[in-house]
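Work through the exercises below with the structure beside you, and try each task before you read its solution.

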Amino acid sequence: MTTGPESTGDATPDGPTPDSTIQGNSTPDPPDLDWRLTRTQVLRDSMGVAIATGAYAISFGAIALAGGLNVWQTLALSLLMFTGASQFGLIAVIAGGGAPLAGAATAIMLGARNALYGLRLAEILRVSGLRRLGAAQLVIDESTAMSIGRDTDRAARLGFYATGLGVFTLWNIGTLVGAVGASWLSDPRALGLDAAAPAAFLALLAPRLRGRELWAVALVAAMVAVLAVPLVPVGVPVLLAGLVGVIAGLIPRKGTTQAPDPAESAESIRSIDSSEPDDQPTREPS
Amino acid sequence: MTIWIGIAVGCLGCYLLKLAGLSVPKSVLERPAVHRIAALLPVVLLAALIAVQTFSDGRSLVIDARAAGLAVAAVAVWRRWPFLVVVALAAVTTALVRQVIPAS
């Protein structure tokens, strides 16, 4: 983290600190102009991410309906779960005929990374009470990526709330459009919508596959899951793959900790990793 | 009804994880193994979901039109085409293959 407690002085919410004159009079301080430029930039970035994410909410709505959920269940997921990969994971298990609780377990495991985002964000947001309860729902890949790595805490907070609220709004509108649209179709399978979900997962997975190690773990997990299909109840193969991930993560490794990758769509989102030198792979030959 | 239970449990669990990050002392979750597992879980779960959803009907392994859809999606992802294009191409490809080979 670049914004340790000692560097939060640059994040005074209300303009220049009284003692800024100590710097001497050679640099006329234009903090308000600076902030206005920063604010415009942050809001523009956030809006871009919100629009892109809203577009894939349309596919979520359609895929959920194709998977057997009704419109209300689909809308409830986007409102209450509000974390894309988990939502897709839950409907995938249910669509395959798995137990809804197996779907819930898959969703919860997929959402585990949000807890780590919260750790980073807690220092920036410094929220408590009701505000914390509200802010928590906005902790997702996109809001984290658009917050962490900003120059000041003020900009980081704006990035978080603007992205979180923007994505929340458009994600739910997109879901409604997709779900209602798909509910008019008589046979989603005829349109190939059952293949849309794996394609969506592939698009979510690809940006995370950085390095041979992650490829290897992903392939092992996929093999375990496929081989388990004829042997265990529906929904369980995916949970077994989760176990593969836990085991692989528990194997201690020197100098190659992987930072959680927040970017569900790598290009459009600022990389969290650049702000976290302490989590970077050290790239030592080990 | 049971679908609603799955939704409720899943939503509650996901929310509590988000809240936990903002609430618990940093030292509780700030361990290398926790970080590695949190980074690996999406990778293994997504990989498994792709494999199971493409190559099984839930009970047994099958190869059908969805494999063609996934192959086209893989090319689209590799070419870094937008998310909606990837999803739409997979669906259209699968639908077209089913037109040609109705049993798939």
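Two residues are in contact if their C-beta atoms, placed from the backbone, lie within 7 Å. This is a predicted model, in which local features need pLDDT of at least 70 and side-chain atom pairs count only at pLDDT 80 or more, while totals for chains, interfaces and linings use all residues. Residues are numbered from 1 along each chain as its sequence is written, and chains are lettered from A and ligands numbered from 1 in the order in which they are written.

**Exercise 1. Describe the contact between the two chains, taking the side of chain B in detail.**

Step 1. Begin with the totals: chain A brings 91 residues to the contact, and chain B brings 67 residues.

Step 2. Next, find the elements, remembering that helices (H or I, at least four residues) and strands (E, at least two) are DSSP runs, numbered from the N terminus. On the side of chain B that touches chain A, two or more residues come from each of helix H1 (2-23), helix H2 (26-29), helix H3 (32-55), helix H4 (65-78) and helix H5 (83-100) of chain B. The most is given by H3(B), with 23 residues.

Step 3. Finally, sort the residues by class, where Ala, Val, Leu, Ile, Met, Phe, Trp, Tyr, Cys and Pro count as nonpolar, Asp, Glu, Lys and Arg as charged, and the others, Gly among them, as polar. The side of chain B that touches chain A then has 45 nonpolar, 15 polar and seven charged residues.

**Exercise 2. Work out how H11(A) and H3(B) are placed against each other.**

Step 1. Take the axes, which are lines fitted to C-alpha atoms, for helices over the stretch in contact, with angles that run from 0 to 180 degrees between N-to-C directions. The axis of helix H11 (residues 236-250) of chain A comes within 8 Å of the axis of H3(B), and the two cross at roughly 150°.

Step 2. Name the arrangement, given that angles under 35 degrees count as roughly parallel, over 145 as roughly antiparallel, 65 to 115 as roughly perpendicular and the rest as oblique. H11(A) and H3(B) are therefore roughly antiparallel.

Step 3. The crossing of H11(A) and H3(B) is right-handed.

Step 4. Look at the residues: among them are Ala241(A), Gly245(A) and Ala248(A) of H11(A), and Leu40(B), Val44(B) and Ala48(B) of H3(B). By class, this contact has 18 nonpolar residues, three polar and one charged.

**Exercise 3. Describe the packing of H4(B) and H5(B) within chain B.**

Step 1. The axes of H4(B) and H5(B) are 8 Å apart, and the helices pack at an angle of about 150°. The pair is therefore roughly antiparallel, and H4(B) passes H5(B) in a right-handed crossing.

Step 2. Residues of H4(B) including Gly69(B), Leu70(B) and Ala73(B) meet residues of H5(B) including Val86(B), Leu89(B) and Thr93(B). By class, the contact of H4(B) with H5(B) has 13 nonpolar, three polar and two charged residues.

**Exercise 4. State how confident the predictor is in each chain and in the complex.**

Step 1. Chain A averages a pLDDT of 79, and 77% of its residues score at least 70. Chain B has a mean pLDDT of 91, and 99% of its residues reach 70 or more.

Step 2. In chain B, confidence is lowest in H2(B), at a mean of 78, and highest in H1(B), at 96.

Step 3. For the complex, the predictor gives an ipTM of 0.88 and a pTM of 0.74.

Definitions and conventions. pLDDT = per-residue confidence, 0-100. Left-handed = near helix turned anticlockwise from the far one by under 90°.
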